[in-house]
Amino acid sequence: MNSDSDLQIAGDILEVPHLLQPPREHPATVAEFAGLARAIATDRSHWEPLVRFDATSRWYHRLRTGPGYEVWLLSWVPGQGSGTHDHGRSSGVLTVLDGALTERTERGERALGAGTQRVFAPGYVHEVVNDALEPAVSLHVYYPGLTDMPMRARSARGRSMVEAARHG
């Protein structure tokens, strides 16, 4: 046999109905939530007309809901930030749609350009800021839907007070 595998498929695999997964109406895995965010990101005509920029506070709009999840559209003018926070019991996918954002964690800073995705688990502590000179737009998918966003105070060295107490 001239194959790297002993497994050979005879016939059309798509003709075996019990091997096919029915398409889900709503996402249920991290990969599917990230895929949902990418699909929304590519359809600018769906989200772009909804975006508003507010000089006094971050603007946000709930774009979609499904069983146990929410999709939010946010805009950021230069200098606006989220403050240091976590997302309670929610996991999430953050996708930058336009512009650039900076994510700050206890491990340092990460530049997030358009198209960048960040996936996070419950309890993940970060701060997101528009450090750029141009506005930015981001998409946030939360599962379960966001019900709690505990804010964390920052120490003079940039770590949250909780982190500073834990690490000395």
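A salt bridge is taken here as a side-chain nitrogen of Lys or Arg within 4 Å of a carboxyl oxygen of Asp or Glu. The model is predicted, so that local features need pLDDT of at least 70 and side-chain atom pairs count only at pLDDT 80 or more, while totals for chains, interfaces and linings use all residues. Residues are numbered from 1 along each chain as its sequence is written, and side-chain values use heavy atoms, leaving out hydrogens and water.

The side chains of Arg104 and Asp131 meet in such a salt bridge, at 2.8 Å from N to O. This pair links distant parts of the chain, 27 residues apart: Arg104 belongs to strand β4 (residues 100–105), and Asp131 to the loop between β7 (127–129) and β8. Strands (E, at least two residues) and helices (H or I, at least four) are DSSP runs, numbered from the N terminus. Arg104 also forms a salt bridge with Glu109, and a network of salt bridges links Arg104, Glu109, Glu127 and Asp131.

Asp98 forms a salt bridge with Arg44, with the closest N and O atoms 2.7 Å apart. Because Asp98 lies in strand β3 and Arg44 in helix α2 (residues 44–47), the pair ties together parts that are 54 residues apart in sequence.

Asp98 also stands opposite Val137 in β8. Seven bridges join β3 (residues 91–98) to β8, and the two run antiparallel; strands pair if DSSP finds at least two bridges between them. Strand β2 (residues 69–76) is likewise joined to β8 by seven bridges, in antiparallel orientation.
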